[in-house]
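Please read this briefing with the sequence and the model side by side.

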Amino acid sequence: MDTDYKNLIKNVTIIFAGVIAYLIMGSAIKGEFSLNIVQVIVFPLIIIAGLLIYVFFLQQAGKKQFSTKKLFVMGMLATTSVNTLFILVLLGSTLIVEPFYIGTTLVNWIVVGVCASILIILAIWSKTWFSILIPVLLFIPDMLFRFSNLSDTTIFIIGLASFVLIFIFMIINLLIMDKRKKR
């Protein structure tokens, strides 16, 4: 089967924008949006490397018809390698390199608006609510912490509940998709 590079570039661009939106939206909501040289140069490279790792993994899984167990293990290795690289660069960039830009309150809200728009476009493109629902559930505790007088314990409970809701939603979604496939 030939690779459709035009469609691949379009899809990678959309996914790339979505990943960047996820990465910077949380800090902008907290009012801590800043950029340093490592983030600007290395994070896009990690995202591209991650996409290449996943594409390679999926191509190999398709060619070699991995068993479910092997598919799971290889998928976990791919995910772990990308996440480890990301975390190492994130920690290194915040501990070693000083930011060259620190956003103002207005810039933080503009970044949140742009990121929300990108995530909505991603949801429309992918025809799922995940790209909207997951950030909402992840960032609700930050919003409550920043804009309310709730106690830390209450905010922690809300944050914990939001993570539980994410997993419940994902399981329900998988069950619905599985049921649709069986029809």
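In α6, the residues I155, G159, S162 and I166 are buried, where buried means under 20% relative accessible area, exposed over 50% and partly exposed in between, with a 1.4 Å probe and protein chains only. These buried residues of α6 pack against α5 (130-147), contact being taken as heavy atoms within 4.5 Å. This is a predicted model, in which local features need pLDDT of at least 70 and side-chain atom pairs count only at pLDDT 80 or more, while totals for chains, interfaces and linings use all residues. Residues are numbered from 1 along each chain as its sequence is written, and side-chain values use heavy atoms, with hydrogens and water left out.

**Helix geometry**

- Helices (H or I, at least four residues) and strands (E, at least two) are DSSP runs, numbered from the N terminus.
- Helix α6 (residues 152-182) has 31 residues and should span 45 Å at 1.5 Å a residue, which agrees with the 45 Å between its end C-alpha atoms; the expected span is 1.5 Å times one less than the number of residues.
- Just after α1, G31 adopts a positive phi of about 80 degrees.

**Burial and the nonpolar core**

- The buried residues of α1 are G18, A21, M25, G26, A28 and I29, and their cover includes α4 (105-126) and α5.
- The largest nonpolar core consists of eleven residues, namely A21, M25, A28, I29, F33, V111, V112, C115, L119, L122 and F139; such a core is a set of buried Ala, Val, Leu, Ile, Met, Phe, Trp, Tyr and Cys residues joined through side-chain atoms within 4.5 Å.
- Two or more residues of this core come from each of α1 and α4, and the largest share, five residues, is given by α4.
- Leaving out residues up to four places away in sequence, L119 touches G18, A21, Y22, M25, S131, I132 and P135.

**Two buried loop residues**

- N36, in the loop between β1 (34-35) and α2 (37-64), counts as buried at 4% relative accessibility.
- A polar atom of the N36 side chain lies 3.1 Å from the backbone nitrogen of V38.
- Beyond its neighbours within four places in sequence, N36 is in contact with S93, T94, V97, E98, P99 and F100.
- F33 lies in the loop between α1 and β1 and, at 7% relative accessibility, counts as buried.
- Although F33 and W109 are 76 residues apart in sequence, their C-alpha atoms are 9.7 Å apart in space.

**Aromatic pairs**

- A search of the whole structure finds two aromatic pairs, which require ring centres of Phe, Tyr or Trp (its six-membered ring) within 6.5 Å, with planes under 30 degrees apart counted as stacked, over 60 as edge-to-face and the rest as tilted.
- The rings of F33 and Y101 have centres 6.4 Å apart and planes at 70 degrees, so this pair is edge-to-face.
- Y101 lies in strand β2 (residues 101-102) and F33 in the loop between α1 and β1, so the pair ties together parts that are 68 residues apart in sequence.
- The rings of F43 and F86 have centres 5.2 Å apart and planes at 35 degrees, so this pair is tilted.

Definitions and conventions
Polar contact = N/O pair within 3.5 Å; in protein donor to acceptor, adjacent residues only side chain to side chain.
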